[in-house]
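Reader: I would like to learn how to read domains, pockets and cavities from a set of coordinates. Please give the general idea each time, then the case at hand.

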Amino acid sequence: MKSLIDILDMTTGELDELIAVAEDIIANPEKYAEACHGLKLASLFFEPSTRTRMSFEAAMYELGGNVISVTGAGTSSAAKGESVADTAKTVSCYTDIIAIRHPKEGAAYVTAQNATIPVINAGDGGHCHPTQTLADLLTIWREKGRLTNLTIGVCGDLKFGRTVHSLINAMSRYEGNRFVLISPEELKVPSYVKKDVLQQKGIPYVQTTDLESVMPELDILYMTRVQRERFFNEEDYLRLKDSYILTTDKLKTAKPDLSILHPLPRVNEISVAVDDDPRACYFKQVLNGKYMRMALILKLLREAGKIR
Ligand code: NCD
């Protein structure tokens, strides 16, 4: 049973194919309006979410399917102590595909091991978030016309930011990309990303604490929120939360064709005035996420033999 737990579960060929399908959905939505007729998505969100949950649900509805959901950690039998494995077996009896977000790293993997239907990781703790990366890839593709030969600045909480880990994994597989990792000392990328991905593959990267000095070199600037819920103490969060605030002033030295991305939600790290800059892509990214999730649901249901 094929599931998407980590972005590396897909080849770059498969990622390119999802982008092509998403582009076709954008151009011809009517072709897909009944593609998942009679099928159900289980939307299991044990952590807060706006975009990821709503885009999965909108995606399934726009494919003609239905959705049943669990939202919030306190409303399902998980609150009574049911294991993730038993939840997976149960949900497999009622639905055709699962999207799960869970605070524990590895929860989506355990779900996939125990479910009899495809499972999509919609974020597992501070680990990874492959479908956000799908939204990011379509956005970069649509803005730049390529996924190769880009200088990608990633700024903010690179330690706990699961979207960052998946993005680095994905973009490291396309030729000629280079990373500029901008974070406070305490929030640098985990060594499993730095050593096992960047260093092992010989991907060029630099680490810095200073956003302004690297601004002129960037093709992409991927801003992120400091992940309050993953901190061990509030004091550290308060000290680090405003480490980077992107303003129109700081963008003066940026390339005219820079693309500014952010997985959202934004707290303080991009000033609202930046939204009017044509280089701001984060709300397009929100919409792109829905199209890529539609393409993904179609692919997994087709591979599971549920649709043609
Ligand atoms: C991200 C997440 O949940 O990891 N949000 C999202 O899914 N778009 C980023 C974040 O919460 O900061």
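Author: What follows takes the domains and their contact, then the pockets, then the cavities. The model is predicted.

Reader: Which domains does the assignment give for the protein chain?

Author: The assignment gives domain 1 (7–129 + 287–303) and domain 2 (130–285). Taken over C-alpha atoms, their centres are 24 Å apart.

Reader: How is the size of an interface often given?

Author: It is often given as the accessible area lost when the parts come together. Here domain 1 and domain 2 bury about 2,600 Å² between them, and 58% of that is on carbon and sulfur atoms. On the side of domain 1, the residues that lose the most area to domain 2 are I7, H129 and N288, together 27% of what that side buries.

Reader: How many residues does each domain bring to the contact?

Author: Domain 1 brings 35 residues and domain 2 brings 29 residues.

Reader: How many salt bridges are counted between domain 1 and domain 2?

Author: The count is three.

Reader: What is the N to O distance in the salt bridge of E47 and R230?

Author: The side chains of E47 and R230 meet at 2.9 Å, N to O.

Reader: On to empty space. What shows where it is left?

Author: Rolling a probe the size of a water molecule over the atoms shows where empty space is left. In this model, the largest pocket holds about 350 Å³ of space. It is lined by 21 residues, and R101, R162, R225, L264 and P265 are the closest to its centre.

Reader: Which classes make up the lining of the largest pocket?

Author: That lining has 10 polar, seven charged and four nonpolar residues. Helix 2 (51–62) and helix 6 (162–171) each supply at least two of its residues.

Reader: Where do the residues of this lining come from, in terms of domains?

Author: Domain 1 and domain 2 each give at least three residues to the lining of the largest pocket.

Reader: What volume has the second largest pocket?

Author: Its volume is about 210 Å³. The second largest pocket is lined by 14 residues, with L44, V70, T87, V91 and Y94 the closest to its centre. Strand 1 (40–45), strand 2 (66–71) and helix 3 (84–94) are the elements that give two or more residues to this lining. Helix 3 gives the most, with four residues. By class, the lining of the second largest pocket has seven nonpolar, six polar and one charged residues.

Reader: How many cavities of 30 Å³ or more are there?

Author: There are three. A cavity is a place where a 1.4 Å probe fits but cannot get out, whereas a pocket is open. The largest cavity has about 80 Å³ of space.

Reader: Which element gives the largest share of the lining of the largest cavity?

Author: Helix 10 does, with five residues. The elements giving two or more residues to this lining are helix 2, helix 5 (130–144) and helix 10 (282–303). Among the lining residues are R51, Q132, H262, Y282 and R293. By class, six are polar, four nonpolar and two charged. Domain 1 and domain 2 each contribute at least three residues to the lining of the largest cavity.

Reader: What lines the second largest cavity?

Author: The second largest cavity, with about 60 Å³ of space, has a lining that includes C155, M223, L240, D242 and E269. That lining divides into six nonpolar, three polar and three charged residues.

How values were computed:
Residues are numbered from 1 along each chain as its sequence is written. This is a predicted model: local features need pLDDT of at least 70, side-chain atom pairs count only at pLDDT 80 or more; totals for chains, interfaces and linings use all residues. Side-chain values use heavy atoms; hydrogens and water are left out. On a 1 Å grid over the protein atoms alone, a cavity is a set of points where a 1.4 Å probe fits but cannot get out, and a pocket is an open set with protein on both sides within 12 Å along at least five of seven lines; lining residues have an atom within 4 Å of a point. Grid points are joined across faces, edges and corners, and a volume is the space filled by probe spheres set on the points. Ala, Val, Leu, Ile, Met, Phe, Trp, Tyr, Cys and Pro count as nonpolar, Asp, Glu, Lys and Arg as charged, and the others, Gly among them, as polar. Domain bounds come from an automatic or database domain assignment. Contact means heavy atoms within 4.5 Å. Buried area is the accessible area (1.4 Å probe) that two parts lose on being put together, summed over both. A salt bridge is a side-chain nitrogen of Lys or Arg within 4 Å of a carboxyl oxygen of Asp or Glu.
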